[in-house]
Amino acid sequence: MKTNDLITPEGTKDLLFNECIVRRKAEEKIHGIFKSRGYCELITPEIEFFDVFNRTSRYFPQENLFKLTDLKGRLIVLRPDNTMPIARVVATRLKDAALPLRLYYNQCVFTMAPSLKGKSAQTVQTGIELIGSSSKMADLEVISAAIEVLSACSEKGFSLEIGDIGFFRELVSKLSVDEDQSETIRKLIEAKNYPALNDFLDKIGHNDITHALKKLPRLFGGEEVFEKAAKLFSDEKIDSILASLKSLYKQISKIAGNGRITVDLGMVNRTDYYTGVIIKGYLEGYGEEVLSGGRYDKLISEFGYDVPATGFAVNIDAVSQIILKNSKAQPKSSDVLLFAEEGYEMEALAYAGKLRSEGLVTEHSFDKNIEDAIKYAEAKNINRIVRVGSEITEVR
Amino acid sequence: MSKPLRIALTKGRLEKDTIGLLEKLGFDCTAVREKGRKLILPIADANLEVVLAKANDVITYVEHGVCDMGVVGKDTIMEMSGKFFELADLGFGRCRFALAAKKGTDFYEGYGVKTIATKYPNVARSFFESKGMDVDIVKIEGSVELAPLLELSNGIVDIVETGTTLKENGLEVIEDIAPISARLIVNTVSLKLRQKEIENLIGLIEENL
(Lines give C-alpha, C1' and ligand atoms only; values in the text may rest on other atoms or scores of the structure.)
Protein backbone atom coordinates (compact mmCIF):
# COMPACT_ATOMS: atom_id res chain seq x y z
CA MET A 1 0.00 0.00 0.00
CA LYS A 2 1.21 3.49 -0.80
CA THR A 3 1.44 5.68 2.26
CA ASN A 4 2.16 9.39 2.53
CA ASP A 5 4.15 9.23 5.73
CA LEU A 6 7.33 10.81 4.36
CA ILE A 7 5.95 14.02 2.86
CA THR A 8 3.83 17.01 3.91
CA PRO A 9 0.56 18.01 2.18
CA GLU A 10 0.93 20.27 -0.84
CA GLY A 11 1.30 23.91 0.07
CA THR A 12 2.87 23.21 3.48
CA LYS A 13 6.48 22.79 4.59
CA ASP A 14 8.75 22.16 7.53
CA LEU A 15 10.85 25.12 8.60
CA LEU A 16 14.35 24.32 9.81
CA PHE A 17 16.96 26.22 11.81
CA ASN A 18 17.76 29.52 10.12
CA GLU A 19 14.29 29.63 8.56
CA CYS A 20 12.87 29.58 12.09
CA ILE A 21 15.40 32.11 13.34
CA VAL A 22 14.54 34.56 10.58
CA ARG A 23 10.82 34.11 11.07
CA ARG A 24 10.92 34.54 14.84
CA LYS A 25 13.14 37.62 14.51
CA ALA A 26 10.74 39.20 12.04
CA GLU A 27 7.81 38.41 14.34
CA GLU A 28 9.60 39.83 17.35
CA LYS A 29 10.49 43.03 15.53
CA ILE A 30 6.94 43.56 14.30
CA HIS A 31 5.35 42.66 17.64
CA GLY A 32 7.66 45.20 19.27
CA ILE A 33 6.17 47.83 16.98
CA PHE A 34 2.63 46.74 17.90
CA LYS A 35 3.29 46.53 21.66
CA SER A 36 4.94 49.94 21.79
CA ARG A 37 1.63 51.33 20.54
CA GLY A 38 -0.39 49.60 23.23
CA TYR A 39 -1.68 46.63 21.28
CA CYS A 40 -2.41 43.40 23.20
CA GLU A 41 -2.23 39.93 21.76
CA LEU A 42 -5.14 37.58 21.36
CA ILE A 43 -5.22 34.02 20.11
CA THR A 44 -8.26 32.44 18.50
CA PRO A 45 -8.77 28.74 17.69
CA GLU A 46 -7.32 27.26 14.51
CA ILE A 47 -10.76 25.85 13.75
CA GLU A 48 -14.01 27.81 13.64
CA PHE A 49 -17.57 27.15 12.57
CA PHE A 50 -18.04 27.70 8.85
CA ASP A 51 -20.83 30.18 9.72
CA VAL A 52 -18.26 32.71 11.00
CA PHE A 53 -16.97 33.07 7.45
CA ASN A 54 -20.18 32.45 5.55
CA ARG A 55 -21.22 36.10 5.31
CA THR A 56 -22.71 38.11 2.52
CA SER A 57 -20.23 40.92 3.10
CA ARG A 58 -17.25 38.65 2.80
CA TYR A 59 -17.33 35.68 0.59
CA PHE A 60 -14.94 32.78 1.08
CA PRO A 61 -15.41 30.34 -1.79
CA GLN A 62 -16.13 27.03 -0.07
CA GLU A 63 -13.89 25.09 -2.42
CA ASN A 64 -10.90 26.95 -0.95
CA LEU A 65 -11.61 26.05 2.68
CA PHE A 66 -10.28 23.07 4.62
CA LYS A 67 -13.38 21.49 6.14
CA LEU A 68 -14.17 19.15 9.02
CA THR A 69 -17.27 18.36 11.02
CA ASP A 70 -17.73 18.35 14.80
CA LEU A 71 -19.39 15.58 16.81
CA LYS A 72 -22.84 16.95 15.97
CA GLY A 73 -22.08 17.01 12.26
CA ARG A 74 -21.74 20.79 12.10
CA LEU A 75 -19.36 22.22 9.53
CA ILE A 76 -16.02 23.43 10.83
CA VAL A 77 -13.21 25.06 8.84
CA LEU A 78 -9.55 25.79 9.36
CA ARG A 79 -9.62 29.58 9.66
CA PRO A 80 -9.05 31.23 6.27
CA ASP A 81 -8.85 34.72 7.77
CA ASN A 82 -7.99 36.35 11.09
CA THR A 83 -10.26 39.38 11.12
CA MET A 84 -13.58 37.51 11.14
CA PRO A 85 -12.79 35.47 14.28
CA ILE A 86 -11.57 38.66 15.98
CA ALA A 87 -14.81 40.41 15.03
CA ARG A 88 -16.61 37.48 16.64
CA VAL A 89 -14.61 37.84 19.88
CA VAL A 90 -15.11 41.61 19.97
CA ALA A 91 -18.86 41.27 19.50
CA THR A 92 -19.12 38.70 22.27
CA ARG A 93 -16.56 38.63 25.08
CA LEU A 94 -15.26 42.16 24.52
CA LYS A 95 -18.67 43.74 24.02
CA ASP A 96 -18.50 45.67 27.29
CA ALA A 97 -14.78 46.48 27.21
CA ALA A 98 -13.76 50.14 27.12
CA LEU A 99 -13.08 51.46 23.61
CA PRO A 100 -10.88 51.76 21.70
CA LEU A 101 -9.57 48.19 21.72
CA ARG A 102 -6.07 47.64 20.40
CA LEU A 103 -5.54 44.00 19.44
CA TYR A 104 -2.78 42.14 17.67
CA TYR A 105 -2.46 38.54 16.54
CA ASN A 106 0.10 36.20 15.09
CA GLN A 107 -1.48 33.10 13.65
CA CYS A 108 -1.89 30.97 10.56
CA VAL A 109 -4.56 31.23 7.92
CA PHE A 110 -5.40 28.26 5.71
CA THR A 111 -6.62 28.19 2.13
CA MET A 112 -6.48 25.36 -0.36
CA ALA A 113 -3.81 26.42 -2.79
CA PRO A 114 -4.28 25.64 -6.46
CA SER A 115 -2.30 22.55 -7.30
CA LEU A 116 1.33 22.82 -8.46
CA LYS A 117 1.49 26.60 -8.52
CA GLY A 118 4.03 27.05 -5.77
CA LYS A 119 1.52 28.73 -3.45
CA SER A 120 1.10 28.05 0.26
CA ALA A 121 -1.91 26.45 1.87
CA GLN A 122 -0.83 27.72 5.28
CA THR A 123 0.36 31.29 5.81
CA VAL A 124 1.44 32.99 9.02
CA GLN A 125 -0.07 36.43 9.40
CA THR A 126 0.51 39.00 12.06
CA GLY A 127 -1.55 42.13 12.26
CA ILE A 128 -3.45 44.68 14.29
CA GLU A 129 -7.09 45.63 14.68
CA LEU A 130 -8.00 49.03 16.13
CA ILE A 131 -11.61 48.86 17.21
CA GLY A 132 -13.94 51.64 18.31
CA SER A 133 -12.91 54.74 16.42
CA SER A 134 -13.71 56.06 12.98
CA SER A 135 -11.52 59.12 13.47
CA LYS A 136 -8.79 60.25 11.14
CA MET A 137 -6.32 59.87 13.99
CA ALA A 138 -7.17 56.16 14.12
CA ASP A 139 -6.44 55.80 10.40
CA LEU A 140 -3.17 57.64 10.90
CA GLU A 141 -2.17 55.45 13.83
CA VAL A 142 -2.76 52.25 11.85
CA ILE A 143 -1.10 53.50 8.68
CA SER A 144 1.94 54.85 10.51
CA ALA A 145 2.30 51.44 12.19
CA ALA A 146 2.12 49.82 8.73
CA ILE A 147 4.85 52.13 7.49
CA GLU A 148 7.07 51.30 10.45
CA VAL A 149 6.53 47.57 9.88
CA LEU A 150 7.40 47.84 6.18
CA SER A 151 10.49 49.90 6.80
CA ALA A 152 11.64 47.50 9.54
CA CYS A 153 11.24 44.55 7.17
CA SER A 154 12.62 46.03 3.98
CA GLU A 155 16.17 45.36 2.99
CA LYS A 156 15.90 47.20 -0.29
CA GLY A 157 12.77 49.24 -0.79
CA PHE A 158 9.13 49.30 0.19
CA SER A 159 6.06 51.06 -0.99
CA LEU A 160 2.69 51.62 0.64
CA GLU A 161 -0.38 52.20 -1.43
CA ILE A 162 -3.60 53.80 -0.28
CA GLY A 163 -7.02 53.95 -1.83
CA ASP A 164 -10.63 54.42 -0.83
CA ILE A 165 -13.20 51.82 -1.73
CA GLY A 166 -15.86 54.53 -1.40
CA PHE A 167 -14.83 56.16 -4.67
CA PHE A 168 -15.71 53.05 -6.66
CA ARG A 169 -18.85 52.33 -4.62
CA GLU A 170 -20.23 55.85 -5.16
CA LEU A 171 -19.64 55.69 -8.90
CA VAL A 172 -21.22 52.28 -9.33
CA SER A 173 -24.24 53.19 -7.19
CA LYS A 174 -25.10 55.90 -9.72
CA LEU A 175 -25.17 53.34 -12.50
CA SER A 176 -28.34 51.35 -13.11
CA VAL A 177 -26.79 47.88 -12.97
CA ASP A 178 -27.65 44.79 -10.96
CA GLU A 179 -25.36 43.13 -8.44
CA ASP A 180 -23.86 40.68 -10.91
CA GLN A 181 -22.96 43.46 -13.32
CA SER A 182 -21.40 45.64 -10.66
CA GLU A 183 -19.38 42.62 -9.48
CA THR A 184 -18.16 42.09 -13.05
CA ILE A 185 -17.13 45.74 -13.22
CA ARG A 186 -15.35 45.43 -9.88
CA LYS A 187 -13.47 42.33 -11.01
CA LEU A 188 -12.35 43.95 -14.26
CA ILE A 189 -11.16 47.06 -12.44
CA GLU A 190 -9.32 44.95 -9.87
CA ALA A 191 -7.56 43.01 -12.64
CA LYS A 192 -6.88 46.29 -14.46
CA ASN A 193 -8.28 44.54 -17.50
CA TYR A 194 -8.62 47.67 -19.63
CA PRO A 195 -9.87 46.07 -22.85
CA ALA A 196 -12.59 43.93 -21.26
CA LEU A 197 -13.69 46.76 -18.96
CA ASN A 198 -14.15 49.10 -21.92
CA ASP A 199 -16.19 46.51 -23.83
CA PHE A 200 -18.38 45.78 -20.83
CA LEU A 201 -19.05 49.42 -19.99
CA ASP A 202 -19.76 50.29 -23.63
CA LYS A 203 -22.62 47.81 -23.51
CA ILE A 204 -24.05 49.53 -20.43
CA GLY A 205 -23.99 53.00 -21.88
CA HIS A 206 -22.03 56.12 -22.65
CA ASN A 207 -22.20 58.68 -19.88
CA ASP A 208 -20.03 60.44 -17.29
CA ILE A 209 -20.11 57.46 -14.96
CA THR A 210 -19.08 54.79 -17.44
CA HIS A 211 -16.39 57.13 -18.71
CA ALA A 212 -15.08 57.62 -15.17
CA LEU A 213 -15.20 53.88 -14.43
CA LYS A 214 -13.20 53.17 -17.59
CA LYS A 215 -10.45 55.43 -16.32
CA LEU A 216 -10.56 54.11 -12.75
CA PRO A 217 -8.00 51.29 -13.10
CA ARG A 218 -5.52 53.80 -14.51
CA LEU A 219 -5.88 56.12 -11.53
CA PHE A 220 -2.77 55.09 -9.64
CA GLY A 221 0.55 56.74 -8.96
CA GLY A 222 1.52 59.89 -7.05
CA GLU A 223 -0.29 63.08 -6.11
CA GLU A 224 -1.30 63.78 -9.73
CA VAL A 225 -3.90 61.02 -9.38
CA PHE A 226 -6.15 63.28 -7.30
CA GLU A 227 -6.23 65.92 -10.00
CA LYS A 228 -7.08 63.34 -12.66
CA ALA A 229 -9.79 61.82 -10.49
CA ALA A 230 -11.37 65.19 -9.71
CA LYS A 231 -11.72 65.90 -13.42
CA LEU A 232 -13.57 62.63 -14.04
CA PHE A 233 -16.57 63.14 -11.85
CA SER A 234 -17.65 65.56 -9.21
CA ASP A 235 -20.37 65.61 -6.62
CA GLU A 236 -20.48 66.29 -2.92
CA LYS A 237 -19.74 62.77 -1.71
CA ILE A 238 -17.01 61.98 -4.21
CA ASP A 239 -15.32 65.33 -3.67
CA SER A 240 -15.24 64.75 0.07
CA ILE A 241 -13.84 61.21 -0.34
CA LEU A 242 -11.08 62.55 -2.59
CA ALA A 243 -10.33 65.52 -0.34
CA SER A 244 -9.90 63.43 2.79
CA LEU A 245 -7.83 60.80 0.97
CA LYS A 246 -5.60 63.55 -0.42
CA SER A 247 -4.98 65.08 2.97
CA LEU A 248 -4.23 61.60 4.37
CA TYR A 249 -1.85 61.02 1.46
CA LYS A 250 0.02 64.22 2.20
CA GLN A 251 0.26 63.48 5.91
CA ILE A 252 1.56 59.96 5.55
CA SER A 253 3.95 60.96 2.77
CA LYS A 254 5.62 63.11 5.39
CA ILE A 255 6.02 60.10 7.70
CA ALA A 256 7.26 57.64 5.08
CA GLY A 257 9.52 59.83 2.99
CA ASN A 258 9.45 60.66 -0.66
CA GLY A 259 8.09 58.29 -3.25
CA ARG A 260 7.18 55.56 -0.80
CA ILE A 261 3.48 56.32 -0.72
CA THR A 262 1.33 55.85 -3.80
CA VAL A 263 -2.39 56.06 -4.48
CA ASP A 264 -4.52 53.56 -6.36
CA LEU A 265 -8.19 54.43 -6.70
CA GLY A 266 -8.64 51.26 -8.74
CA MET A 267 -7.80 49.12 -5.69
CA VAL A 268 -11.14 47.37 -5.17
CA ASN A 269 -10.38 44.20 -3.23
CA ARG A 270 -12.47 41.10 -3.26
CA THR A 271 -12.74 41.47 0.50
CA ASP A 272 -15.72 43.76 0.09
CA TYR A 273 -16.12 44.33 3.79
CA TYR A 274 -13.92 47.41 3.56
CA THR A 275 -15.85 50.64 3.93
CA GLY A 276 -13.24 53.38 3.56
CA VAL A 277 -9.49 53.78 3.33
CA ILE A 278 -7.63 50.66 2.19
CA ILE A 279 -3.88 50.02 2.19
CA LYS A 280 -1.46 47.60 0.56
CA GLY A 281 2.26 47.28 1.22
CA TYR A 282 4.90 45.96 -1.17
CA LEU A 283 8.50 44.91 -0.61
CA GLU A 284 10.99 44.70 -3.43
CA GLY A 285 11.70 41.09 -4.29
CA TYR A 286 8.24 39.63 -3.62
CA GLY A 287 5.64 39.20 -6.37
CA GLU A 288 2.56 39.92 -4.25
CA GLU A 289 1.58 42.42 -1.60
CA VAL A 290 3.03 41.60 1.83
CA LEU A 291 0.70 43.82 3.82
CA SER A 292 -2.95 44.64 3.34
CA GLY A 293 -5.76 46.15 5.32
CA GLY A 294 -8.18 48.98 5.69
CA ARG A 295 -11.25 50.33 7.40
CA TYR A 296 -14.18 47.98 7.98
CA ASP A 297 -16.84 49.87 9.90
CA LYS A 298 -19.77 47.53 9.21
CA LEU A 299 -18.24 44.10 9.73
CA ILE A 300 -18.51 43.73 13.50
CA SER A 301 -22.14 44.84 13.39
CA GLU A 302 -22.85 41.66 11.45
CA PHE A 303 -21.99 39.86 14.66
CA GLY A 304 -24.40 42.11 16.56
CA TYR A 305 -22.14 44.89 17.84
CA ASP A 306 -22.09 48.10 15.82
CA VAL A 307 -18.59 49.49 16.18
CA PRO A 308 -16.14 50.95 13.63
CA ALA A 309 -12.73 49.34 13.11
CA THR A 310 -9.57 49.41 11.05
CA GLY A 311 -6.44 47.26 10.81
CA PHE A 312 -3.99 45.40 8.63
CA ALA A 313 -2.23 42.05 8.30
CA VAL A 314 1.36 41.29 7.34
CA ASN A 315 2.34 38.08 5.57
CA ILE A 316 5.15 36.84 7.81
CA ASP A 317 6.10 34.02 5.45
CA ALA A 318 6.66 36.51 2.64
CA VAL A 319 8.70 38.82 4.84
CA SER A 320 10.85 35.91 6.07
CA GLN A 321 11.37 34.67 2.54
CA ILE A 322 12.73 38.05 1.45
CA ILE A 323 15.02 38.33 4.47
CA LEU A 324 16.25 34.75 3.94
CA LYS A 325 17.17 35.48 0.34
CA ASN A 326 19.50 38.25 1.47
CA SER A 327 20.88 36.85 4.70
CA LYS A 328 23.06 33.98 5.74
CA ALA A 329 21.70 33.67 9.25
CA GLN A 330 22.89 30.39 10.74
CA PRO A 331 21.79 28.87 14.01
CA LYS A 332 24.35 29.80 16.66
CA SER A 333 26.57 26.89 17.66
CA SER A 334 26.90 25.99 21.32
CA ASP A 335 29.58 27.69 23.40
CA VAL A 336 30.83 24.65 25.29
CA LEU A 337 30.95 20.89 24.77
CA LEU A 338 31.22 18.92 28.02
CA PHE A 339 32.88 15.51 27.96
CA ALA A 340 32.22 13.40 31.04
CA GLU A 341 34.55 10.56 31.96
CA GLU A 342 32.90 7.38 33.03
CA GLY A 343 31.58 7.67 36.58
CA TYR A 344 31.54 11.50 36.53
CA GLU A 345 28.12 11.98 34.87
CA MET A 346 26.59 13.77 37.87
CA GLU A 347 29.55 16.14 38.14
CA ALA A 348 29.20 16.92 34.43
CA LEU A 349 25.48 17.70 34.84
CA ALA A 350 26.27 20.01 37.76
CA TYR A 351 29.10 21.78 35.94
CA ALA A 352 26.87 22.25 32.86
CA GLY A 353 24.32 23.96 35.11
CA LYS A 354 27.01 26.31 36.39
CA LEU A 355 28.15 27.22 32.85
CA ARG A 356 24.56 27.79 31.72
CA SER A 357 23.92 30.09 34.65
CA GLU A 358 26.81 32.16 33.31
CA GLY A 359 24.91 32.42 30.04
CA LEU A 360 26.96 29.88 28.09
CA VAL A 361 25.10 27.46 25.82
CA THR A 362 26.41 24.08 26.97
CA GLU A 363 25.86 20.62 25.53
CA HIS A 364 26.99 17.16 26.62
CA SER A 365 29.14 14.87 24.53
CA PHE A 366 27.99 11.25 24.15
CA ASP A 367 31.21 10.08 22.49
CA LYS A 368 33.13 7.15 23.91
CA ASN A 369 36.47 8.98 23.91
CA ILE A 370 37.73 12.56 23.89
CA GLU A 371 39.14 12.31 20.33
CA ASP A 372 35.69 11.67 18.90
CA ALA A 373 34.31 14.50 21.03
CA ILE A 374 36.89 16.88 19.54
CA LYS A 375 35.94 15.77 16.03
CA TYR A 376 32.27 16.41 16.81
CA ALA A 377 33.07 19.86 18.23
CA GLU A 378 34.96 20.76 15.09
CA ALA A 379 32.09 19.66 12.87
CA LYS A 380 29.65 21.70 14.94
CA ASN A 381 31.87 24.76 15.31
CA ILE A 382 32.01 24.52 19.10
CA ASN A 383 35.13 26.33 20.25
CA ARG A 384 35.43 25.28 23.86
CA ILE A 385 35.66 21.69 25.12
CA VAL A 386 35.72 20.86 28.81
CA ARG A 387 36.54 17.43 30.24
CA VAL A 388 34.92 16.49 33.55
CA GLY A 389 36.69 13.76 35.53
CA SER A 390 38.39 13.66 38.89
CA GLU A 391 39.22 17.23 37.97
CA ILE A 392 37.88 19.69 35.42
CA THR A 393 40.22 20.39 32.51
CA GLU A 394 39.86 22.77 29.62
CA VAL A 395 40.72 20.61 26.59
CA ARG A 396 40.68 23.66 24.36
CA MET B 1 20.41 52.34 -16.02
CA SER B 2 18.04 50.42 -13.78
CA LYS B 3 17.61 46.66 -13.84
CA PRO B 4 15.93 45.66 -17.13
CA LEU B 5 12.21 44.87 -17.15
CA ARG B 6 11.74 41.20 -17.76
CA ILE B 7 9.07 40.19 -20.24
CA ALA B 8 8.02 36.58 -20.85
CA LEU B 9 6.87 35.78 -24.38
CA THR B 10 4.88 32.75 -25.44
CA LYS B 11 7.19 30.85 -27.77
CA GLY B 12 6.18 30.60 -31.40
CA ARG B 13 3.80 32.89 -33.22
CA LEU B 14 3.08 35.28 -30.37
CA GLU B 15 6.82 35.66 -29.82
CA LYS B 16 7.37 36.57 -33.48
CA ASP B 17 4.44 39.01 -33.51
CA THR B 18 5.64 40.68 -30.31
CA ILE B 19 9.18 41.02 -31.61
CA GLY B 20 7.72 42.48 -34.81
CA LEU B 21 5.82 45.00 -32.70
CA LEU B 22 8.91 45.90 -30.66
CA GLU B 23 10.88 46.41 -33.87
CA LYS B 24 8.12 48.65 -35.15
CA LEU B 25 8.66 50.70 -31.99
CA GLY B 26 12.28 51.10 -33.12
CA PHE B 27 14.03 48.66 -30.76
CA ASP B 28 16.91 46.49 -31.87
CA CYS B 29 15.82 42.88 -31.46
CA THR B 30 18.74 41.17 -33.21
CA ALA B 31 19.63 39.20 -30.09
CA VAL B 32 16.15 37.65 -30.04
CA ARG B 33 16.07 37.06 -33.80
CA GLU B 34 19.39 35.20 -33.59
CA LYS B 35 18.69 33.51 -30.30
CA GLY B 36 20.02 30.02 -31.02
CA ARG B 37 19.08 27.95 -28.01
CA LYS B 38 19.19 30.72 -25.42
CA LEU B 39 16.05 31.35 -23.39
CA ILE B 40 16.86 34.72 -21.81
CA LEU B 41 17.76 37.46 -24.27
CA PRO B 42 18.42 41.18 -23.93
CA ILE B 43 16.89 44.05 -25.87
CA ALA B 44 19.36 46.57 -24.56
CA ASP B 45 18.01 49.77 -26.10
CA ALA B 46 14.54 49.11 -24.61
CA ASN B 47 16.07 48.05 -21.27
CA LEU B 48 14.13 44.80 -21.64
CA GLU B 49 15.04 41.21 -21.05
CA VAL B 50 13.04 38.69 -23.05
CA VAL B 51 12.26 35.28 -21.55
CA LEU B 52 10.90 32.61 -23.90
CA ALA B 53 8.44 30.20 -22.33
CA LYS B 54 5.41 28.03 -22.97
CA ALA B 55 2.07 29.79 -22.67
CA ASN B 56 1.08 28.40 -19.25
CA ASP B 57 4.54 29.16 -17.88
CA VAL B 58 4.29 32.79 -18.96
CA ILE B 59 1.40 33.20 -16.54
CA THR B 60 3.22 31.32 -13.78
CA TYR B 61 6.36 33.47 -14.11
CA VAL B 62 4.37 36.69 -14.12
CA GLU B 63 2.19 35.65 -11.17
CA HIS B 64 5.25 34.92 -9.07
CA GLY B 65 6.86 38.19 -10.08
CA VAL B 66 10.02 36.65 -11.55
CA CYS B 67 8.96 38.22 -14.83
CA ASP B 68 7.45 41.71 -14.72
CA MET B 69 5.33 41.32 -17.86
CA GLY B 70 4.19 38.67 -20.26
CA VAL B 71 2.56 38.18 -23.63
CA VAL B 72 0.09 35.32 -23.67
CA GLY B 73 -3.12 34.35 -25.47
CA LYS B 74 -6.52 35.01 -23.90
CA ASP B 75 -7.16 31.26 -24.29
CA THR B 76 -4.43 30.47 -21.76
CA ILE B 77 -5.63 33.23 -19.42
CA MET B 78 -9.19 31.86 -19.50
CA GLU B 79 -8.02 28.33 -18.83
CA MET B 80 -5.41 29.09 -16.15
CA SER B 81 -6.76 32.29 -14.55
CA GLY B 82 -4.57 33.77 -11.82
CA LYS B 83 -3.65 37.04 -10.18
CA PHE B 84 -2.11 39.64 -12.48
CA PHE B 85 -3.13 42.75 -14.37
CA GLU B 86 -4.30 42.33 -17.95
CA LEU B 87 -3.35 45.71 -19.37
CA ALA B 88 -3.61 45.57 -23.13
CA ASP B 89 -5.16 43.64 -25.99
CA LEU B 90 -2.31 43.39 -28.48
CA GLY B 91 -4.68 42.57 -31.32
CA PHE B 92 -2.63 39.82 -32.91
CA GLY B 93 -3.07 36.07 -32.52
CA ARG B 94 -6.80 36.46 -33.13
CA CYS B 95 -9.08 33.42 -33.05
CA ARG B 96 -11.98 32.22 -30.88
CA PHE B 97 -13.19 29.52 -28.55
CA ALA B 98 -16.10 27.62 -30.00
CA LEU B 99 -18.30 24.61 -29.36
CA ALA B 100 -18.32 22.27 -32.35
CA ALA B 101 -20.06 19.01 -33.18
CA LYS B 102 -20.57 16.68 -36.10
CA LYS B 103 -22.16 18.45 -39.04
CA GLY B 104 -25.89 17.94 -39.24
CA THR B 105 -26.41 16.79 -35.64
CA ASP B 106 -28.55 18.73 -33.16
CA PHE B 107 -26.15 19.11 -30.26
CA TYR B 108 -28.71 20.27 -27.69
CA GLU B 109 -31.24 17.55 -28.57
CA GLY B 110 -32.48 15.09 -25.93
CA TYR B 111 -32.16 14.84 -22.13
CA GLY B 112 -28.95 12.83 -21.91
CA VAL B 113 -25.85 14.37 -20.35
CA LYS B 114 -23.46 15.37 -23.14
CA THR B 115 -19.80 14.45 -23.27
CA ILE B 116 -17.35 17.17 -24.31
CA ALA B 117 -13.76 16.59 -25.39
CA THR B 118 -11.38 19.50 -24.98
CA LYS B 119 -7.87 20.69 -24.21
CA TYR B 120 -9.45 23.43 -22.10
CA PRO B 121 -11.52 21.75 -19.36
CA ASN B 122 -11.95 24.93 -17.29
CA VAL B 123 -13.19 26.97 -20.23
CA ALA B 124 -15.58 24.19 -21.22
CA ARG B 125 -16.86 23.77 -17.67
CA SER B 126 -17.56 27.44 -17.09
CA PHE B 127 -19.25 27.77 -20.49
CA PHE B 128 -21.70 24.97 -19.74
CA GLU B 129 -22.10 26.14 -16.14
CA SER B 130 -23.29 29.50 -17.42
CA LYS B 131 -25.92 27.61 -19.41
CA GLY B 132 -26.89 25.54 -16.37
CA MET B 133 -25.89 22.37 -18.22
CA ASP B 134 -24.23 19.37 -16.64
CA VAL B 135 -21.70 17.83 -19.00
CA ASP B 136 -19.01 15.19 -18.80
CA ILE B 137 -15.68 16.67 -19.75
CA VAL B 138 -12.88 14.55 -21.16
CA LYS B 139 -9.44 16.08 -21.46
CA ILE B 140 -7.70 15.34 -24.73
CA GLU B 141 -4.09 16.33 -25.40
CA GLY B 142 -3.80 16.04 -29.16
CA SER B 143 -6.27 16.59 -32.02
CA VAL B 144 -9.57 17.11 -30.25
CA GLU B 145 -11.49 16.73 -33.54
CA LEU B 146 -10.97 12.98 -33.30
CA ALA B 147 -13.13 12.57 -30.21
CA PRO B 148 -16.58 13.13 -31.82
CA LEU B 149 -15.48 11.20 -34.93
CA LEU B 150 -14.59 8.22 -32.77
CA GLU B 151 -17.82 8.80 -30.85
CA LEU B 152 -16.07 9.41 -27.55
CA SER B 153 -17.86 12.73 -27.22
CA ASN B 154 -20.90 14.62 -28.50
CA GLY B 155 -18.93 17.78 -29.11
CA ILE B 156 -15.67 19.61 -28.59
CA VAL B 157 -14.64 22.94 -27.11
CA ASP B 158 -11.58 24.20 -28.91
CA ILE B 159 -9.80 27.12 -30.52
CA VAL B 160 -11.12 27.86 -33.98
CA GLU B 161 -9.20 30.04 -36.37
CA THR B 162 -10.51 29.59 -39.91
CA GLY B 163 -12.62 26.49 -39.36
CA THR B 164 -10.81 24.53 -42.07
CA THR B 165 -9.76 21.66 -39.79
CA LEU B 166 -13.33 21.34 -38.55
CA LYS B 167 -14.73 21.31 -42.06
CA GLU B 168 -12.26 18.75 -43.35
CA ASN B 169 -13.27 16.44 -40.53
CA GLY B 170 -17.00 16.86 -40.99
CA LEU B 171 -17.51 19.08 -37.94
CA GLU B 172 -19.13 22.50 -37.65
CA VAL B 173 -19.30 25.30 -35.09
CA ILE B 174 -22.44 25.14 -32.97
CA GLU B 175 -21.76 28.24 -30.90
CA ASP B 176 -18.98 30.78 -30.38
CA ILE B 177 -17.79 30.96 -26.77
CA ALA B 178 -15.32 33.84 -26.62
CA PRO B 179 -12.96 35.79 -28.87
CA ILE B 180 -9.23 35.30 -28.31
CA SER B 181 -6.20 37.48 -28.93
CA ALA B 182 -2.78 38.11 -27.41
CA ARG B 183 -2.75 40.05 -24.12
CA LEU B 184 -0.07 41.96 -22.28
CA ILE B 185 -0.16 40.93 -18.63
CA VAL B 186 1.76 42.57 -15.78
CA ASN B 187 2.67 41.42 -12.28
CA THR B 188 0.64 43.30 -9.67
CA VAL B 189 3.67 44.49 -7.70
CA SER B 190 5.86 45.31 -10.71
CA LEU B 191 3.21 47.68 -12.04
CA LYS B 192 3.34 49.61 -8.78
CA LEU B 193 7.08 49.57 -8.16
CA ARG B 194 8.05 50.28 -11.80
CA GLN B 195 5.03 52.23 -12.89
CA LYS B 196 6.76 54.82 -15.12
CA GLU B 197 8.75 52.34 -17.21
CA ILE B 198 5.81 49.98 -17.71
CA GLU B 199 3.36 52.76 -18.52
CA ASN B 200 5.77 54.28 -21.03
CA LEU B 201 6.17 50.95 -22.79
CA ILE B 202 2.42 50.31 -22.85
CA GLY B 203 1.83 53.84 -24.13
CA LEU B 204 4.26 53.20 -26.98
CA ILE B 205 2.64 49.86 -27.78
CA GLU B 206 -0.89 51.28 -27.77
CA GLU B 207 0.15 54.05 -30.17
CA ASN B 208 1.53 51.48 -32.58
CA LEU B 209 -1.16 48.81 -32.56
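Predicted model: local features only at pLDDT ≥ 70, side-chain atom pairs only at ≥ 80, totals over all residues.
Residues count from 1 along each chain as its sequence is written, and chains are lettered from A in the order in which they are written. Local features need pLDDT of at least 70, side-chain atom pairs count only at pLDDT 80 or more, and totals for interfaces use all residues, while side-chain values use heavy atoms, with hydrogens and water left out.

**View 1. The two domains of chain B.** Domain 1 takes in 5-93 + 181-207, and domain 2 covers 95-180; such bounds come from an automatic or database domain assignment. Going by C-alpha atoms, the centres of domain 1 and domain 2 of chain B sit 30 Å apart.

**View 2. Where the domains of chain B touch.** Here seven residues of domain 1 meet 11 residues of domain 2, contact meaning heavy atoms within 4.5 Å. Together the two domains bury about 750 Å², 54% of it on carbon and sulfur atoms. Buried area is the accessible area (1.4 Å probe) that two parts lose on being put together, summed over both. On the domain 1 side, Asp75(B), Met78(B) and Glu79(B) supply 71% of the buried area, more than any other three residues.

**View 3. A salt bridge between the domains of chain B.** The rule picks out one salt bridge across this interface, using a side-chain nitrogen of Lys or Arg within 4 Å of a carboxyl oxygen of Asp or Glu. Arg13(B) pairs up with Glu161(B) in a salt bridge, their closest N and O atoms 3.2 Å apart.
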